[in-house]
Amino acid sequence: MTREEVLQDLKDKFKGDITNVFEKSVKRVYIDIRPEAITRMAKYIFYDLGARFNIASGVDVRYHMEILYHFTIEEINLLISFRVALDKAKLEIDSLAPLFEAANWIEREINELLGIKFKGHPDMRRLLLPAEWPQGVYPLRRDYEEWDKSAIRDRGV
Amino acid sequence: MAKTIVPIGPYHPLQEEPEFFTLTVEGEKIAAVDVSVGYNHRGIEKLSEMKTFDQSTFVIERICGICSTSHPYAYTRAVEDIIPVEVPDRAKYIRTIIAEGERIHSHLLWLGLAGHFLGYNTVFMWAWKLREEILDVMEILSGNRNNYAMFKPGGVRRDIKSGDIPGVIRKIDSIVPTLEMLKKAVMDDPVLHARTKGVGILTKEEAKGYSALGPTARASGVARDVRKDAPYGAYDKVEWKMIVTQNGDVFDKVLLRVLEMLESAKIMKACLSNLPQGDIDLRLKDIPPGEGIGCAEAPRGEVFHYVRSDGTNRPARHKVRAPTFMNLPTYKSTIVGETISDATIILAAIDPCYCCTERVAVRNVKGKKLYNGEDLVRLSQEKTEKIRKSMK
Amino acid sequence: MSMKLKALLKSPWVFHLSTGSCNNCDIEVLDCLTPRFDIERFGMILAGSIKHADVLLVTGSCNRKSMIRVKRLYEQVPKPCLVVAIGECALSRGMFMHSYNCPVPLDKVIPVDVYVPGCPPKPEAMISAVVKLIEKIKKEKLEGSSKRK
């Protein structure tokens, strides 16, 4: 399939789920989708279109949280990013880890650094932060403030 | 049979992320593995958001000392993708030269340690001696043995002087015969075959499922290389071929890395002798709001950077994905069912860390110590010795 | 100076500990072992276990998760033990000073004897640091001012 066919195919298959398509360049396409659709769209692009899961990245943009799921279709050299916007009051989305193993760790990471819940994740333990890190403090959020009063932030000179 | 838990880690002198492995073993066979990371987490993504686009390059460089070119490469490409701009040709060539030099030194480093685990300390010393030569080349080109600080958004910081080029090419020429010798040694050595063939196999389907990258994927027959798939830098301007092997075992990973070093030497030489004239920097001023994605093929696989700008002089969000993040979970399929004496080399084969074995301690459930790290390396080395004797 | 310290100075066995470094210092430490620098000619050797070590080479900016481990490992080293902090991260955390996961510099966690600046320091610098350390202790012994046991 060529680049246009892939994009048309996605648009036809998931008409109700896609809210916006932004073609940044020949190599990059950003597709805004509804959060409920992520599992079926990821399943389709990973297994049927043979894409590779690059990574997901969570972003705190003032009024909501965004997760971008980056997929590369190597044959046509196209990087498709699914953009999901989550309401800050309800930070929940379906987990992709049961679909493919590659999403396992990144969801654990996003969960602890941004505090987004992944429903149905098989193993939601902490990945990076230590055990004494307080619950409910997420370092990559915009409103993060230092919680550890004993930390030294100067060079002592 | 009673299950025994083997903790490996978390400290080992030579890896990107100090990991902590918990192997569950039944007698000699490994039944399950669990990985815990975070011993190296320094919050670089957050730090990068506190610095300007130009300063961030230096933070990014210090994500990993071995990949200290690949990360800035991917980052600068991501920033250039926001605008978007293309860097001048001369800058592209210089970037490629530095990236390939890094690949040679990283693979040599890995080869030496893999040799150490198999009981070939000669390989360790030889590979690292050879590595000094390539570090000299890097010192001539960039001024430092590691952390080259050559990259900046829009170009490179330092030019390659035309007077240096003949000397550097001579140096690379002197490395190639030794690499050829290494290749021959790997292909011919029956002991190495016995120790690594059919060990720790990652099948093609599994490699795809884990989205494995770099040599880990290529050794399993997945032809995946950013340098070929989405050529950047000077990779589409010089002749080279992607190395792919089919079996996915440790032997294929060793062979693949040795062959890749030869290709890298070829690319370096071609770039140095065809270095175009011109500017090396675009002198970018403002970064407009937007998003950019940059990829680069590190020695371990694809490095992926996502940068979002909101129009200020700092990145609003910077996401870094190192290749080991995707490659590490493949342990779940490679290590289960193998014996303990093969564990060290399988853990090393993915090239995340090598010296984990220095801190291994095998304990049974009651807490009685059975083996420590040295014993595990000894076990591995004894097995090699046994095979060697039986072949005589 | 005790018998133990005297023996230690003849051939210090080093143990290398990474507490969240970028790896460069670690590679340079290992580089010291290989043919070009070859610290074995000074009687130094990289010990496989903390229990065999006389000198701790610590690299990295000491993050929250590894801090606990460093403390525990330091308790396990047979004393007397000397600590060398290698690289800018181990000295003052360098550019990681404002990182949420690196709260304090290394010398607030364990006592440090020698600091080797650089990012990364060259192998020559590390060798010279250990040599200086040995000289320092010998001098302390002559002046009788050593607080070490």
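Me: How many helices and strands does chain A have?

Reply: In this predicted model, chain A has three helices and seven strands. Read from the N terminus, its elements follow the order α-β-β-α-β-β-β-β-α-β. The C-alpha atoms of the chain fill a box of roughly 60 × 35 × 30 Å along the principal axes. Of its 157 residues, 36% count as buried. Among contacts in chain A with a separation of 6 or more, 49% are between residues 24 or more positions apart.

Me: Which strands of chain A form an open sheet, and in what order?

Reply: Five strands take part, in the order E1-E2-E5-E4-E3, with mixed pairing. On average, neighbouring strands of this sheet are turned by 20 degrees against each other, ignoring direction.

Me: What makes strand E1 (18-23) and E3 of chain A the edge strands?

Reply: Each of them pairs on one side only.

Me: How do you know that E3(A) and E4(A) pair, and how do they run?

Reply: Pairing requires at least two bridges between the strands. E3(A) and E4(A) are joined by nine bridges, so they count as paired. They run antiparallel. Within this pair, A:Ser57 of chain A stands opposite A:Leu68 in E4(A). Strands of a sheet pair through backbone hydrogen bonds, either parallel or antiparallel.

Me: What lies across E3 and E4 of chain A?

Reply: That is H3(A), which runs at about 10 degrees to E3(A).

Me: Which elements of chain A each supply at least two residues of the side that touches chain B?

Reply: The contact itself involves 24 residues of chain A and 23 residues of chain B. Strand E3 (52-61), strand E4 (64-73) and helix H3 (104-114) of chain A each supply at least two residues of that side. E3(A) gives the largest share, six residues. By class, the side of chain A that touches chain B has 13 nonpolar, six polar and five charged residues.

Me: Why are H6(B) and H11(B) called roughly antiparallel?

Reply: The axes of helix H6 (residues 165-188) and helix H11 (residues 250-273) of chain B cross at roughly 160 degrees and come within 10 Å. Angles over 145 degrees count as roughly antiparallel, and H6(B) and H11(B) are therefore described that way. The crossing of H6(B) past H11(B) is left-handed.

Me: Which residues make the contact of H6(B) with H11(B)?

Reply: From H6(B) they include B:Ile165, B:Val168, B:Ile172, B:Val176 and B:Leu179. From H11(B) they include B:Val254, B:Val258, B:Leu262, B:Ala265 and B:Met268. The residues of this contact divide into 18 nonpolar, one polar and two charged. An α-helix has 3.6 residues a turn, so residues three or four places apart point the same way.

Me: How do you know that C:Ser66 is buried?

Reply: The cut-off is 20 or more other C-beta atoms within 10 Å. C:Ser66 has 28, so it is buried. This residue lies in helix H3 (residues 64-76) of chain C. The C-alpha atoms of C:Ser66 and C:Cys89 are separated by 14 Å, and the two residues are 23 residues apart along the chain.

Me: Why is strand E4 (residues 82-86) of chain C largely enclosed by the rest of the structure?

Reply: Five of the five residues of this strand are buried, so the strand is largely enclosed. Both faces of E4(C) are covered: C:Leu82, C:Val84 and C:Ile86 are buried on one side, and C:Val83 and C:Ala85 on the other. In a regular strand the side chains alternate between the two faces of the sheet.

Me: How many bridges join strand E3 (residues 55-59) of chain C to E4(C)?

Reply: Five bridges join them, and the two strands run parallel. One bridge pairs C:Leu57 with C:Val84 in E4(C).

Me: What makes helix H2 (residues 24-31) of chain C mostly covered?

Reply: Eight of its eight residues are buried. Among them are C:Asn24, C:Cys25, C:Ile27 and C:Leu30, and also C:Asp26, C:Glu28 and C:Asp31.

Me: Which element gives the most to the side of chain C that touches chain B?

Reply: The contact takes 31 residues from chain C and 35 residues from chain B. Strand E1 (13-18), H2 and H3 of chain C give two or more residues to that side. H2(C) gives the most, with five residues. The residues of the side of chain C that touches chain B divide into twelve nonpolar, 14 polar and five charged.

Technical notes. Residues are numbered from 1 along each chain as its sequence is written. Chains are lettered from A and ligands numbered from 1 in the order in which they are written. This is a predicted model: local features need pLDDT of at least 70, side-chain atom pairs count only at pLDDT 80 or more; totals for chains, interfaces and linings use all residues. Two residues are in contact if their C-beta atoms, placed from the backbone, lie within 7 Å. Helices (H or I, at least four residues) and strands (E, at least two) are DSSP runs, numbered from the N terminus. Ala, Val, Leu, Ile, Met, Phe, Trp, Tyr, Cys and Pro count as nonpolar, Asp, Glu, Lys and Arg as charged, and the others, Gly among them, as polar. A residue is buried if 20 or more other C-beta atoms lie within 10 Å of its own, exposed if 12 or fewer, and partly exposed in between; C-beta atoms are placed from the backbone. Axes are lines fitted to C-alpha atoms, for helices over the stretch in contact, and angles run from 0 to 180 degrees between N-to-C directions. Angles under 35 degrees count as roughly parallel, over 145 as roughly antiparallel, 65 to 115 as roughly perpendicular and the rest as oblique. A crossing is left-handed if the near helix is turned anticlockwise from the far one by less than a right angle, and right-handed if clockwise.
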